[in-house]
Amino acid sequence: MASINISSIYFRVFILRGIPDLEPSYVWISIPLFIMFILAISGNLLMLLLIKMEPRLHNPMYYFLSTLSLTDLVLSSSISLKMLSIFWLNHKEISFLSCLVQMFFIHCFTSLESGVLMAMAFDRYMAICNPLHYTSALTNTLIVKIVVALVIRGIVIVTPCPWMASRLPYCRTVHIPHSYCDHMAVVKLACTDTTINSAYGLTVVLIVIVFDVSSIAVSYVFILRTILRLSSANSKNKAFGTCTSHISIIIMFYTLGLFSFLTHRIGHIALYIHVMLSFLYLLIPPTLNPIIYGVRTQEIRTAALHLFTRTVT
């Protein structure tokens, strides 16, 4: 019999395992997951509706917030729909192309979310440190350019990941030990050296985190310095209140991301812990962003009240 060159075998369908070792608990795990998904979708859609309908929210801060809501809608849908089909319908198969598309959307919009948080920190810097030039500097044209630049950045740095993954030979197994097509979870199935793929994925993460977190930190150093110089206690409280929501979201997003990143590269950690941290990192921010902004932002609460009373009457 002719020998088979196993490195030439390419799988065209993968099997997502979901959360390894927790299969008996899928029904219970799916309940909070479904609730978070519904909250993420409804909350972000409501946020977009409020910003669109309320003229007082037509300013740079809320334009960036609407971009964050759109990003969260795509991000939560990209991960949750497939996960729920795994937990409820045991539909674990995913085509090779669909896997690469999901990989692109998840990592691209994660990069975009980080970039929007950075842009929102710059917005708060301009509003607090340069209030007289806030509206004249942050024009609609500049906001569009910033958002477009962030989208292009995400596309440019993330596209090589699924492209390089698509060129690898997969012959070890069709089972991806994850609940979605994470870049490294897929690449590890290849039966060839994947050092370049791993190095590039790490580089992308470091570029995004180091640049965005550094920019956010610098913005808030200047913001804090300006707030402490204010003579009025009311002005200080108002400035701190304006930034509290954003700081809460930043801490939540990057803390969960850091835990997910570290558990992926530190050995001797149960696989189900890494998988659960990964999807919580992607699903918790889209779920809580509208809630945090809705509770802590007076303008959002007022707009929601106006919409509710208008609907009732």
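Which residue forms a salt bridge with glutamate 54? Arginine 56 does, with the closest N and O atoms 3.1 Å apart. The views below start from that pair.

This is a predicted model, in which local features need pLDDT of at least 70, side-chain atom pairs count only at pLDDT 80 or more, and totals for chains, interfaces and linings use all residues. Residues are numbered from 1 along each chain as its sequence is written, and side-chain values use heavy atoms, with hydrogens and water left out.

**View 1. Arginine 56 and glutamate 54 form a salt bridge.** A salt bridge here is a side-chain nitrogen of Lys or Arg within 4 Å of a carboxyl oxygen of Asp or Glu. By this rule the count comes to three salt bridges. Burial follows relative accessible area: buried is under 20%, exposed is over 50%, and partly exposed is in between (1.4 Å probe, protein chains only). Arginine 56 is exposed, at 53%. Glutamate 54 is buried, at 10%.

**View 2. Aspartate 123 and arginine 124 form a salt bridge.** Their closest N and O atoms are 2.7 Å apart. Aspartate 123 has a relative accessibility of 1% and counts as buried. Arginine 124 is also buried, with a relative accessible area of 7%.

**View 3. Aspartate 212 meets arginine 153 in a salt bridge.** The N to O distance is 2.8 Å. This pair links distant parts of the chain, 59 residues apart: aspartate 212 lies in helix α8 and arginine 153 in helix α5 (residues 140-158). Helices (H or I, at least four residues) and strands (E, at least two) are DSSP runs, numbered from the N terminus. Aspartate 212 is buried at 0% relative accessible area. Arginine 153, at 18%, counts as buried too.

**View 4. Helix α3 covers residues 96-129.** Its expected span is 1.5 Å times one less than its number of residues. For 34 residues that should give 50 Å; the end C-alpha atoms are 49 Å apart, which agrees. The helix is mostly covered, with 25 of its 34 residues buried.

**View 5. A nonpolar surface patch has an area of about 1,200 Å².** Patch residues have over 30% relative accessible area and no salt bridge; like charges are joined within 9 Å, and nonpolar side chains (Val, Leu, Ile, Met, Phe, Trp, Tyr) within 5 Å. Areas come from the Shrake-Rupley method with a 1.4 Å probe; for residues, only the protein chains shown count as cover. Members include Trp28, Phe34, Trp88, Leu288 and Ile291. The elements giving two or more residues are α1, α2 (60-89) and α10 (271-296). Helix α1 gives the most, with seven residues. Isoleucine 291 sits in helix α10. Its relative accessibility is 39%, so isoleucine 291 counts as partly exposed.

**View 6. The largest pocket has a volume of about 610 Å³.** Of its 29 lining residues, the closest to the centre are His107, Thr110, Val205, Phe261 and Tyr281. On a 1 Å grid over the protein atoms alone, a pocket is an open set of points with protein on both sides within 12 Å along at least five of seven lines; a cavity is a set where a 1.4 Å probe fits but cannot get out; lining residues have an atom within 4 Å of a point. Points are joined across faces, edges and corners, and a volume is the space filled by probe spheres set on them. Helices α3, α7 (183-187), α8 (195-229), α9 (233-265) and α10 each supply at least two lining residues. Helix α9 gives the most, with nine.

**View 7. The largest cavity holds about 50 Å³ of space.** The count comes to two cavities of 30 Å³ or more. Lining the largest cavity are Leu49, Leu50, Met53, Glu54, Ala303, His306, Leu307 and Arg310. Helices α1 and α11 (298-312) each supply at least two of its lining residues. Helix α11 gives the most, with four.

**View 8. Aspartate 21 and proline 24 are found in the loop between β1 and α1.** Aspartate 21 has a positive phi of about 75°, although it is not a glycine. Aspartate 21 counts as exposed at 58% relative accessibility. Proline 24 is exposed, at 76%.
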